Amino acid sequence: MKKLMIGNAAIARGAYEAGATVATAYPGTPSTEIVNSIAEYPDVYAEWAPNEKVALEVGAGASIAGARTLVAMKHVGVNVAADPLYSFSYMGVNGGLVIVSADDPGLHSSQNEQDNRGYGRFAKMPVIEPADSQEALDYTKLAFEISEQFDTMVMLRITMRLAHSQTMVEIGEKQEVPLKPYQKNSAKNVMLPGFAKLRHIEVEKSLRQLEEYAETTPLNRIELNDTSLGIITSGVPYQYVKEAFPDASVLKLGLVNPLPRELIKSFAAQVDKLVVVEELEPVIEEQVRSWGIEVVGKEQFTLLGEYSAEYLKQKLAGAAEPEGFNLEKEIPARPPLLCAGCPHRGVFHVLRKMRLVVAGDIGCYTLGAISPLEAMDTCICMGASIGAAMGMEKARGPEFAAKTVAVIGDSTFVHSGITGLIDVVYNGGTSTVMILDNDTTAMTGHQDHPATGVTIKKNPTNKLDIEAIVRAIGIEHVRVVDPLRIDELEATLKEELARREPSVIICKRSCALLAGRPKPDHKLFVDTELCTGCKLCIRVGCTGVSFIDEDKKAQMNDGCVACGLCEQVCKFDAIKQVEV
Amino acid sequence: MQDKITNVLIVGVGGQGTLLTSRIIAQVAVQMGYDVKVSEIHGMAQRGGSVVSQVRYGNKVYSPIITKGEADIILAFEKIEAARWLDYLKPDGMVIINNERVNPLPVMSGKAKYPDDIHNKIAALLPKTSIVDATDIADRCGNSKAANVVLVGMLSQAIGLPAEEVEKAICAIVPAKALDINLKAFNEGRQLM
């Protein structure tokens, strides 16, 4: 049966058909739908791990125990998982293990655009790159075979444009793969120096075998056409190449590490001009050039963002930029923003008002950094806020800490904020840490996590008690407030900032989009007699309230969910409640 | 079967249902035996920002994305979003615009003006511009949220998608409880072109 599938769902299907029985991930755009999809197959164990490192460790254990295992994360998640990644690449597998890295050229929803094909060479593992959903399914299945054949984990590297594009897929049958027997094998599975030294020899051997495999695998193919132009490419850029240059000869690489040196040499010999088309880093180009082959690459193409067929035509064939109808100058920008009723808005309104230095973190609340709230000073990576606030204090002293807070979400705190808080207590910091607990992993589409008390398959489980964890770490001053009660939040912040001891303020209120929230029993309206047009309510930056230029008054919109923030901000009591 | 590729750009504000609409159009193309690719935006861009979904179908489709000057038709759920993406349209392309205004943040905060006559400017540039009060029509059909399906009705006339195929796709994709309203909204839209 043929059907449309996004790349991520096709990867999940591929793992299912390959007989994978364990799947683990931490959500992160553009990877989230992979393990979300595989969780729908009842005979696959799936989980949201607290972070990517744990996800890969669970995956490694499942592989050692004999199961085919899928582990998925976004590109920066692989950095979190890098420690087990580099060790497990020495150990090899029992049941096949495929780790998906979902990269984000163009930074659609990320803090950088690192190219994780680089991990392949660095961690000495094969990297496979599909170009559409059908290949995502087929290559995932093949990746499990390669993993077991060459005794190595395999990275399936995709980009956002594959993850979130729907293309036609032919669904196959599930293959029943029995668990491989478990046998204790310390020399393979205990990475002591003496054992690891011997495993390194094996890894190099298997890489040499993979280099031979690369020459003949159907993952790499030459499409010989007009030989005046030959293009080496992989992944979604292959589609752009085919669209822009349908007559060119193409070497399409599905296995991008290790590269097929002889195949590339023979392709180069058959074409007049050789070009490498790859988004981001010159991973293929630099290796090809190192073999003494003349090639056009990044001197022609950008290291930044996504490519397109149009871009390739401009760069390679000198095509002019298409002249379109352009009205862009006349229209205002539409940046993303916090939803109406979002509890984070209360937090950032108060932080801005108090003019605090805010060490931020990753989640919807990173939007607190942009206009009109503009109340965040730093955002480094998942979990970094608490460490960053601690570093600021140690550099500038406790007076600076008295006007600094760390802000971190519930899912992010569990992911990698806990260790930062341990550092604060252990090393005598006085940080004030705000945990914005909205009962979900909101940014990626409302995934559960250990502190929601629900698993990926929607089964009830232990609900991690954030307050108890914080106290166990050694924080004596723990406050729980509603972030949309701004006077109380401000008073609490003042008290805790003044204290020369570390404290945690848990801002507890569910995400405004979370299903099953109770509806308010009232609506808000603006009393135009009382409204002075001061725009204080507008400065909270909510879609629920706008300023009407003609009347110089505020007005509530349909989107208002009566959260009451603007009502509290108004100094003239002009925003009032009416029962519904 | 036609040899060319049909490019449909669906633009709006995060939360307006561009994803669902692109899936309906793509499903129709699948039913008609075309090769189809759809590109979607998830994550950060969905939080009330400007969003775009792209549907391409034909005998063989390579790139999942539509480039500038390539779209046959733009389906806009909001007025200034139609203007924002207009450079993706072919010189003889068509625009169908829901006469809906959703103020972006700079307008709400009074830092920018909403160009209320923007649809007239588009119509002046492009003879094939249709502006429709799809939200009102959908509201009369039973739910203003079905406005996107009103636009799908107009689109299906404009690019020659058979009504029965679109209805089949709507039945496959729209949740059962909203089906009657959506089918009604679709047929209302179809009569507008």
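Student: How do helix H11 and helix H14 of chain A sit, and at roughly what angle do they cross?
Tutor: In this predicted model, the axes of H11 (residues 237-244) and H14 (residues 309-317) of chain A come within 8 Å and cross at roughly 60 degrees.

Student: Is the crossing of H11(A) and H14(A) left-handed or right-handed?
Tutor: Right-handed.

Student: And which residues meet there?
Tutor: From H11(A) you get A:Tyr240, A:Val241, A:Glu243 and A:Ala244, and they meet A:Ala309, A:Leu312 and A:Lys313 of H14(A). By class, that contact has five nonpolar residues, two charged ones and no polar ones.

Student: OK, switching to the sheet. What's the strand order in chain A?
Tutor: E14-E15-E16-E18-E17, an open sheet of five strands with parallel pairing.

Student: Why is one side of E14 and of E17 left without a neighbour?
Tutor: Strands E14 (357-359) and E17 (477-481) of chain A are at the edges and each has a single partner strand, so one side of each has no neighbour in the sheet. As for twist, it averages 25 degrees from one strand to the next.

Student: How many bridges join E17(A) and E18(A)?
Tutor: Five, in the parallel sense, with E18 covering residues 503-508. A:Val480 stands opposite A:Ile506 in E18(A).

Student: Which strands does helix H19 of chain A touch?
Tutor: H19 (residues 466-473) packs on the sheet against E16, E17 and E18 of chain A, with its direction at about 165 degrees to that of E17(A).

Student: What about H15(A), where does that lie?
Tutor: H15 (residues 343-353) lies across E14, E15, E16 and E18 of chain A, running at about 155 degrees to E16(A).

How values were computed: Residues numbered from 1 in each chain as written. Chains lettered and ligands numbered in written order. Predicted model: local features only at pLDDT ≥ 70, side-chain atom pairs only at ≥ 80, totals over all residues. Axes fitted to C-alpha atoms, helices over the stretch in contact; angles between N-to-C directions. Helix = DSSP H or I, 4+ residues; strand = E, 2+ residues; numbered from the N terminus. Left-handed = near helix turned anticlockwise from the far one by under 90°. Contact = placed C-beta atoms within 7 Å. Nonpolar A, V, L, I, M, F, W, Y, C, P; charged D, E, K, R; others polar. Pairing = 2+ DSSP bridges.
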